[in-house]
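Here's a quick briefing to read with the structure open next to you. Take a look at the chains first, then work through the notes.

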Amino acid sequence: MTAIYSFHGGIHPEEHKTESSSSPIQTAPLPRFLILPVSQHIGAPAKPVVCVGQRVLKGERIAHADGPLSTAVHASSSGYVTAIEPHLIAHPSGLSDTCIIIETDGHDEALPASSHPNWRSYELGELLELIRDQGIAGLGGAGFPSAYKLNNDNIQTLIINGAECEPYITADDRLMRERSELLEQGIAILQHITGASEVLIAIEDNKPEAIEAVRAACEHQDWTVVTIPTKYPSGGEKQLIELLTGQQVPGGGIPADLGIVCQNVATAAAIAQAVIEGQPLISRITTLTGGCVANKGNYEVRLGTPIEYLLKHSGYSLEQSQKVIMGGPLMGFTLPSLDVPVVKTTSCILAPSKTELASEACTQACIRCGHCAEVCPASLLPQQLYWYAKSQNHEQLKAHNLADCIECGACAYVCPSALPLVQFYRAAKAEIKEKSIEQRQAEIAKNRFEARQARLERDATEREATRAARKAEAKTKAKQDSRYADETDPVQAAIERAKAKKARLQQSGEANSVSNTLEELKAKLERAKFGLEHAHASGKEEKVLTALAASVGRLESLLASEQAKQAQAQESSE
Amino acid sequence: MMLQQVSAPHLRAGQSTEEIMLRVLLALVPGIIAMAHFFGAGVFTNIIGACIAAVLCESLCLRLRDRPLLLYLKDYSAVVTAVLLALALPPYSPWWLITIGTVAAIALAKHVFGGLGSNPFNPAMVGYVVLLISFPVQMTQWTAPSSLAANPGVWDSVLAMIGSEAYDAVTMATPLDLLKQNDGFMVSALWQQYPQFGRFSGVGWEWINLAFLAGGVWLLQQKIFTWHAPVGMLAVLGLMSALFYDGGSSSSGGSPLFHWLSGATMLGAFFIVTDPVSGATSNLGRLIFGALVGLLVYCIRVWGSYPDAVAFAVLLMNFAAPFIDYYTQPKPYGYQARDADK
Amino acid sequence: MDGESLSNILWATAALLALGAGFGALLGFASVKFQTEGNPVVEQVNALLPQTQCGQCSYPGCRPYAEAIVAGEAINKCPPGGETTIHSLADLLNLEPLPLDAAHGEEQAKTVAYIREDECIGCTKCIQACPVDAILGAAKLMHTVIASECTGCDLCVEPCPVDCIDMIELPTTVQNWSWSLPNRTSLIATDKLYGDAA
């Protein structure tokens, strides 16, 4: 029996688990449209690899993982891709994100699965790649890509999280009861991948049947099934680690720093399916509960199923409901609309009746009663954080370790003044993050501006330098020339030379234009005669010979007429 | 958006502020009964007068600050302040004394600083100290306990309340006064000389303190506050009196039991020092806060010029609360292990 | 004057000289060794400015404005920084925070320049105007903005001869969305909200 430690704070809210945990898992029907967001996990959104109009089969990869911190998305039934476009998704912002929308054809035709029953013979890298390509992300709620988390060779302890500490949710409970063999196989794969020597399976003591089932399934393994006391948030990764090992994950660190990795039971089962049966993550168990749901229970739901469709199927009465929560009542978020799909992190859909959960009470002033500090599992001082968040005092928020807040909501749960503390912390965290991004960008801008200024300055000095150099060069050259040309500027000299030549040409041209013409004609005639003789000698065509002869004849007659003109002119002048 | 959009958590199950305040009032009942038993109807006239003044003053302040009356009045914080102040005043106080004290507590100590939750000082104690300094004569005339002199009747207490001259009750020095004024008697001799001393401390006072202690323990059990501040205060007060109790010489300051069961010790320890608004924040901080209040109470009682000192001690420590908070910030998750390694 | 007192005087003088020389050397060494580059206050002020380099403050960049602030210029001339910057400057310099000087522009949401590439004629004028070299392109070739480096200063809009540059606001997406502080009116009730109930 492993020793159980404890963690600071925690609360004991009403559980409301029996409403949904008593009936076995049912399969939700196939909807007409499946809306599959490309970003159902933490990290880079998956990249669509199908096009509109394409027929896809159940289990076919429709978007592949983009980088190591990402995971793939698969079609959860057969049909045609009708659109790849922004669609409202389950997110507290109420914003849209890229989704692949499939119109199902009702055949539910599956891609032949490539099973790996002999997974032990595979390389570690191959298994991790398989897990990533089968779209496995943490099903507990955060949606962290499992392959990324498991890719660590410094793991001694593997913790399987079956705490399920949030009220209302029973998806993991039913899974452990009904699919303990699959879970056992999944844990075996996880142990193989991480190389952990110790495996701890933690289950809260309010799930005795699940504990029994898991114990029975894991009997032949040397793992420990630890029964932990029911207290929220014992299923928080950091709290669970402290509960089981007595160690605390260092501030700003990750469990792997202690040689520990945590995986949710549903994730372990999904890994078993993905590896052994070759079935990618296309469905999950989701708890449908709350006063507005008639058939409360757990459903095996295809990813991408619209929540409105699912709720209608389970007998949901909209009139009574004021809000629908995805996740548990303590950490879940209200849906902006029911036209959003079930995704990998949808562990629960809670449709409470109007009186079921806390009404939005009027908030009162904080009286610093300190009840929040009593229950804070991170040992923070929520009342101080509240004052500093309200006054946006980021320095003090950092000094009071706001970053270590896990947003579990225990403080707001006990607050007598009904203050929305978690929202204050989330907003303050976002502000701090935004500010640090802004600061980083300002730093980059400053550096770029300064680099540009430096470059402009350098360019200017360089230009100045070249100009100065050229001037100096010209001066020295001029000095060299002056030794030969009596200090005259070479350019000036050249211009003068050109002028002199022109003048000379003009003068002589006026006097000897006639004799020049005669000389030219004589020379041309000589060349033509020579060409004709040459052509005769080399035996050219007759045509060419005639043309050359004609040209000689023309030149001779031209020469004769010129000579006659000259003689006439001489006569008249005499 | 068709559905409501609010941040998690969607579940709340704390005691509300008014529940907390009502329980505090309930826990005061045994003490009030004990006080009324020993000092008569004047205790009730004090309480009623202070409550009326407090509610009126609170309403006026809320109106001036443009806040909704009902929402703030129903948190009962003004009533708690009024009752605490009324219990600290001598019974049969005239109406104007009560009103001045209440106005100082509600308007000056609370609303000027931004209302409930923002006041750096304990409002009831501010009201008390304002009165003690302004009207020392009226504030030190305590009626004789019923076992030593007949208490005035109901009619007399109403007369006293409206400040009529017709009322004249028998007043007596309290045991703390006697100990303070003691010149040259052994404590045991003092005990024999004055009838005001009872089994452990003053006649009546010991029972009143025990009644407040009972109410305080019930609040502890109800988890309205943590044990740190009261235990810190009582422990140090007891420790100091044990250290300086030299068998009861003339310069001695009284035994631990005497100090625990005298004056406003228990009222202070469970209803004043535990005020979360003006006290320290963390558990360790509260322990230190309470301990230093206890130290100051003893020092002022024995070496200071006032017979009782809870109000001064608490106000002085209210000054120090942010400083204590600064140095007693608990180590959050993930930093405890790391610091242990160093 | 006897020899002893003379030597005393000499010793005293020598000691003083030695001390002077020693401390002088120490100070000289310190001034070289621990010299601070530029004015540290200017650095601090510059660090608080948003570094958009937009020149709306009428100074050619954030650093010149920082220098001017240290020299006594008003701290409310930076529209991109807005109230936040004014408050942090007021804190640093121990001044009264002033409202933003409207003459220099209004606080606006962060934008990024976008070149409609079909219309770009490749004149390079925007490239020359960009204070942080965030525009890529060459003469007679289409230009484009490196969005991640753009500070949104809009200095490139004016010089464009064909008016093909738009300043567009960054859209809120699921990735960059965040919770905002709870509504003040619902937090501390006022008569306006709950007056009827009261």
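What follows covers a sheet in chain A, the two domains of chain B and the contact between the chains. Keep in mind that this is a predicted model. In chain A, four parallel strands make an open sheet, and chain B is split by the domain assignment into domain 1 and domain 2. The two chains also touch each other, with 37 residues of chain B in contact with 57 residues of chain A.

**The sheet in chain A**

- Reading across the open sheet of chain A, the strand order is β11-β10-β9-β12, with parallel pairing.
- At the edges sit β11 (224–228) and β12 (260–264) of chain A, each of which pairs on one side only.
- On average, neighbouring strands of this sheet are turned by 25° against each other, if you ignore direction.
- Strands β9 (residues 157–162) and β10 (residues 198–204) of chain A run parallel and are joined by six bridges.
- To pick out a specific pair, look at A:G162, whose bridge partner in β10(A) is A:I203.
- In general, strands of a sheet pair through backbone hydrogen bonds, in either a parallel or an antiparallel way.
- Lying across β9, β10 and β12 of chain A is helix α5 (residues 180–194) of chain A, which runs at about 150° to β9(A).

**The two domains of chain B**

- Domain 1 of chain B spans 15–172, and domain 2 spans 174–327, according to the domain assignment.
- There are 21 Å between the C-alpha centres of domain 1 and domain 2 of chain B.
- Where these domains meet, 29 residues of domain 1 of chain B and 28 residues of domain 2 of chain B take part in the contact.
- On the domain 1 side, the elements giving two or more residues are α1 (17–39), α4 (77–88) and α6 (123–134) of chain B.
- Helix α1(B) gives the largest share of that domain 1 side, at twelve residues.
- Sorted by class, the side of domain 1 of chain B that touches domain 2 has 23 nonpolar residues, five polar and one charged.

**Where chain B touches chain A**

- On the side of chain B that touches chain A, α1 and α17 (336–341) of chain B each supply at least two residues.
- The largest share of this side of chain B comes from α17(B), with three residues.
- This side of chain B is made up of 18 nonpolar, 15 polar and four charged residues.

Technical notes: Residues numbered from 1 in each chain as written. Chains lettered and ligands numbered in written order. Predicted model: local features only at pLDDT ≥ 70, side-chain atom pairs only at ≥ 80, totals over all residues. Domains from an automatic or database assignment. Contact = placed C-beta atoms within 7 Å. Nonpolar A, V, L, I, M, F, W, Y, C, P; charged D, E, K, R; others polar. Pairing = 2+ DSSP bridges. Axes fitted to C-alpha atoms, helices over the stretch in contact; angles between N-to-C directions.
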